Amino acid sequence: MRVLLINPPLDAVLRNGSVSPVTAFLFYNSAPLGLLYIAAALLEAGHQVDVIDAAAEQLDVPGTVRRAEAFRPDVLGLGSTTVGFQSAVELAEALKGALPSVPIVLGGHHVTLLPELAMQHSCFDVGVLDEGEHTMAELVEHYRGVQPLEDIPGLVLRDSLGELRYTAPRAKWKD
C-alpha cells in the first residue's frame, strides 16, 4: 500500500502569530521523529512510504495537498501537537476535499491527550493513541482488507452512529 505521512504546515500557527523563536526552532529544525519511526515500521512491513515535513519545507496547505495528490496515497497519516492542531485540521479538511476516498489517520500528542476534542473533526477517520509504529502498521493492514478495525489496539474511532469508541489500549514496549 502507498502511505503518506505528513507533518502539517504551520498556516494557522503563523496566522495566529503563535511562533516564538523557540517554537520556530522546533518547527523548522526538528525532524518529525514520530512520523519517521512510523515510516520505518511501514517500510519494514513492505509498504511504499513517503513523508512530507510541510513545516520544515515551509509548504502551505494547498502546496501540501498538491504533493499528496502527486503521491496518490492509499492511506494518509497526520501527526499533530496541540499548538499545531488547527493547521492539521485545515490540512485534513483540504485533503478530504481532494482525496475523499483516502482514509486520514490522526496521531501525535494532541489526539493522545485530548481524543474527544481531536476527533470532533470529521476529517479524521481514526485516531492513534500513544506510540503509533505498530498501530499504524496494523491500520494499513485493515485498509488493505486484512484486519478488522476493532481488533487493532490503541485507536479512537467513530462507530456507525458517530459515537466515539476506543479499542483496547496497546501495551507499551521498551525498544
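In which sense do S6 and strand S7 (residues 164-166) pair, and over how many bridges? The two strands run antiparallel and are joined by three bridges; strands count as paired if DSSP finds at least two bridges between them. The model is predicted, so local features need pLDDT of at least 70 and side-chain atom pairs count only at pLDDT 80 or more, while totals for chains, interfaces and linings use all residues. Residues are numbered from 1 along each chain as its sequence is written, and side-chain values use heavy atoms, with hydrogens and water left out.

The chain holds eight helices and seven strands. Helices (H or I, at least four residues) and strands (E, at least two) are DSSP runs, numbered from the N terminus. Of the 175 residues, 47% are buried, where buried means under 20% relative accessible area, exposed over 50%, and partly exposed in between (1.4 Å probe, protein chains only). The accessible surface comes to about 8,800 Å², and 56% of that surface belongs to carbon and sulfur atoms. Areas come from the Shrake-Rupley method with a 1.4 Å probe; for residues, only the protein chains shown count as cover. Among contacts between residues at least 6 apart in sequence, 63% join residues at least 24 apart, a contact being heavy atoms within 4.5 Å.

The strands S5, S6 and S7 can be taken together. Strand S5 (residues 126-128) is joined to strand S6 (residues 155-158) by three bridges, and these two run antiparallel. Val 126 is placed opposite Leu 157 in S6. S6 and S7 form a hairpin with five residues between them, and Gly 162 in the turn has a positive phi of about 85°.

Next come the helices. Helix H5 (residues 85-98) has 14 residues and spans 20 Å from its first C-alpha to its last, close to the 20 Å expected at 1.5 Å a residue; the expected span is 1.5 Å times one less than the number of residues. Its buried residues include Phe 85, Val 89, Leu 91 and Leu 95, and Lys 96 is also among them. An α-helix has 3.6 residues a turn, so residues three or four places apart point the same way.

Helix H3 (residues 33-44) contains Tyr 37. With Leu 33 and Leu 36, Tyr 37 forms a nonpolar patch on the surface, with about 300 Å² of accessible area together. Patches are made of residues with over 30% relative accessible area and no salt bridge, like charges being joined within 9 Å and nonpolar side chains (Val, Leu, Ile, Met, Phe, Trp, Tyr) within 5 Å. Tyr 37 has a relative accessible area of 48% and is partly exposed.

Side chains of opposite charge can pair when their charged atoms come close. A salt bridge is a side-chain nitrogen of Lys or Arg within 4 Å of a carboxyl oxygen of Asp or Glu, and the count comes to six. One of them joins Arg 67 to Glu 57, with the closest N and O atoms 2.6 Å apart. This pair links distant parts of the chain, 10 residues apart: Arg 67 is in helix H4 (residues 61-71), and Glu 57 is in the loop between strand S2 (48-53) and H4. Arg 67 is partly exposed at 33%, and Glu 57 is partly exposed at 40%. Glu 141 and Arg 144 also form a salt bridge (2.6 Å, N to O); Glu 141 is buried at 18%, whereas Arg 144 is partly exposed at 48%. Asp 159 bridges to Arg 165, the closest N and O atoms being 2.9 Å apart.
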